[in-house]
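Here is a briefing on charged side-chain pairs. Please look at the sequence and the 3D structure first.

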Amino acid sequence: MAFLKSYQLKVRSLIIKYGYLDGEVPRDTISEPMTTFVFENLISAILVRPLFFFLLAYRQHELPSLSLWLPLQLFCFTMIVDFIYYWGHRATHEVDALWTLHKTHHTTKHPNPFLAGFSEEVQAVFDALGTPVLTYMVYPISFDALYIWSLYFISIEVMGHSGLRVYYPGVLTSFLLRPFNLNIVVEDHDLHHRYGWGKSYNYGKQSVFWDQLFGTRGERLELRDDNVDWHTRVDVGWTKE
């Protein structure tokens, strides 16, 4: 509970300081009967997922095996995750039978960080477990690397639904994709929610590489390069200020 309280305070301070994207429209809220459902989904997203990675990759008698290739390993793993997620996510928008599993998540057009896990159970399981497990089967990495990846992955999940008017890129992919303008920022997924119902765009969660490649990338409105204050640093560390 202390962590969630600190998280709530940090998010609130960032909102007050920087505001929301599409700031003329209030961010979505939830009714009181839905609070338990949303809370359980949030806990699952930020706690259950890392625990599952422990069970997936932990080897009791193996020593830590991080190497100088770690950034590249994390990049490759993330891009494979994003490829699988891209097509799974796109399918939920373009295949009617799958859309019924995803449309609950899209009832929010202006999400906030606490709605990151707002979805049907089937989608939540696929997002939290299915995609990373499939990736691990294709490209296994050490437990240490996987654990580090899971923490950054969660940060993207949360920030991607925050709506914060900040240029927060995908931590694990930006260092190689930024020179090609293929890194993802907060606004990309925010626009996916704002204009997405049924067929949409910006299906990737960790980059816009696959959206660019397959023709489903949308144009940014506020976080364009010519509209960003590159001289102001934003502290998004989840500690109480």
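The notes below cover salt bridges, with a focus on one network.

This is a predicted model, in which local features need pLDDT of at least 70, side-chain atom pairs count only at pLDDT 80 or more, and totals for chains, interfaces and linings use all residues. Residues are numbered from 1 along each chain as its sequence is written, and side-chain values use heavy atoms, with hydrogens and water left out.

**Count and network**
- A salt bridge here is a side-chain nitrogen of Lys or Arg within 4 Å of a carboxyl oxygen of Asp or Glu.
- The model has eight salt bridges by this rule.
- Salt bridges link Asp22, Arg27, Asp190 and Arg194 in a network.

**Pairs between the loop and helix α8**
- Helices are DSSP runs (H or I, at least four residues), numbered from the N terminus.
- Asp22 pairs with Arg194, with the closest N and O atoms 3.8 Å apart.
- Asp22 sits in the loop between α1 (2-18) and α2 (35-57) and Arg194 in helix α8 (residues 186-195), so this pair ties together parts 172 residues apart in sequence.
- Arg27 forms a salt bridge with Asp190, at 2.8 Å between the closest N and O atoms.
- Arg27 lies in the loop between α1 and α2, and Asp190 in helix α8, so the pair joins parts 163 residues apart in sequence.

**Pair within helix α8**
- Asp190 also bridges to Arg194, where the closest N and O atoms are 2.7 Å apart.
- Both residues lie in helix α8, four residues apart, about one turn of the helix.

**Exposure**
- Buried means under 20% relative accessible area, exposed over 50%, and partly exposed in between (1.4 Å probe, protein chains only).
- Asp22 is partly exposed, at 23% relative accessibility.
- Arg194 is buried, at 10%.
- Arg27 and Asp190 are both buried.

Conventions: Helices (H or I, at least four residues) and strands (E, at least two) are DSSP runs, numbered from the N terminus.
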